[in-house]
Amino acid sequence: MFNKSGFTFVGETITGLVREHNEDNFLISAPEGRRTALAVIADGVGGHRHGEIVSYISCRDLGNAFNALKDEKLLEKEGAETFLSENIAAINKRVFAINYEEFTLHPMSSTLVAVLFMPGYAVMANVGDSRFYVVTPDGNLEQVSTDHILSNEDEFSDLQEKFPHYAHNTISRSIGARYNLKIEIKRIPLKGGERFFLCSDGVYRDLDNETIRRLLAASTSPRQSVNRIMRSVLINGARDNTTVISVFPGTEFS
């Protein structure tokens, strides 16, 4: 997909070779004529019920809100940040209410990484451990998002003392798990020539950062990069659901 944001988007999701069903969902919205575009990946948290429902609701509702809003609101000062924070908070409270009524013992939840692209900059919102990367024009891979796991939280030392059995990599933030959700928001100025990559944890469970960097930097189109990433994940065992969105500057066939 390509629009006046200046980027082309290609996404794909697979169940993998081990899991029985896919709890990931993704959304790309790049309406023709608009100067903004939205990319979202949501990954239902393992061990919780109906993760695929939360990931679907997250993508659907954020996409509907984006499509209903004019570019002017997103392009004004802090408009993109406000849009992401308010709508993700609303989705979280909606899912939390469902959990409170129906799934109190095993609440459903999902990670979420969402990025608004527009001329000059991108704005990211993130909860959980789905990731957002940038490949710089000189070929370096940088992780923009933070993995929201217990060992990365400021309160980890206190939690470890109270709950020593908790694993360090337990997800600490997710859609639907608690009423008040701390959302990571970052604005990324664009210098020109950057490539971007969103993914669920199924990618980096099977591929290290150097492999991801090499495949993205060597590809000539977002479709080629998605094909190469997915092929490499499958070769390495595809132990989890895997979802990717590749974002390149310009048009697919320029």
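A nonpolar core is taken here as a set of buried Ala, Val, Leu, Ile, Met, Phe, Trp, Tyr and Cys residues joined through side-chain atoms within 4.5 Å, where buried means under 20% relative accessible area, exposed over 50%, and partly exposed in between (1.4 Å probe, protein chains only). The structure is a predicted model, in which local features need pLDDT of at least 70 and side-chain atom pairs count only at pLDDT 80 or more, while totals for chains, interfaces and linings use all residues. Residues are numbered from 1 along each chain as its sequence is written, and side-chain values use heavy atoms, with hydrogens and water left out.

The largest nonpolar core holds 30 residues, and I88, L116 and I175 touch the most other members. Two or more residues of this core come from each of β3 (37-44), α1, α3, β4 (110-118) and β5 (121-127); helices (H or I, at least four residues) and strands (E, at least two) are DSSP runs, numbered from the N terminus. Beyond its neighbours within four places in sequence, I88 is in contact (heavy atoms within 4.5 Å) with L62, L112, A125, I175, L181 and I183. A separate core of 21 residues includes I28, A37, F117 and F132.

Over in helix α1 (residues 51-68) sits F66, which counts as buried because its relative accessibility is 0%. Neighbours within four places aside, F66 is in contact with S29, P31, R34, T36, A37, L38, L74, F83 and L116. S29 is 37 residues away from F66 along the chain, yet their C-alpha atoms are separated by 8.1 Å.

Then there is the backbone. Most residues other than glycine have a negative phi. E78, not a glycine, has a positive phi of about 60°, and A238 has a positive phi too, near 40°. E78 lies in the loop between α2 (71-75) and α3 (79-102) and is partly exposed, at 48% relative accessible area. A238 lies in the loop between α7 and β10 (242-249) and is buried, with a relative accessible area of 0%.

On the surface, L17, V18 and L234 make up a nonpolar patch with about 280 Å² of accessible area together. Patches are made of residues with over 30% relative accessible area and no salt bridge, with like charges joined within 9 Å and nonpolar side chains (Val, Leu, Ile, Met, Phe, Trp, Tyr) within 5 Å. A salt bridge is a side-chain nitrogen of Lys or Arg within 4 Å of a carboxyl oxygen of Asp or Glu; accessible areas come from the Shrake-Rupley method with a 1.4 Å probe, and for residues only the protein chains shown count as cover. L234 belongs to helix α7 (residues 222-235) and, at 37% relative accessibility, counts as partly exposed.
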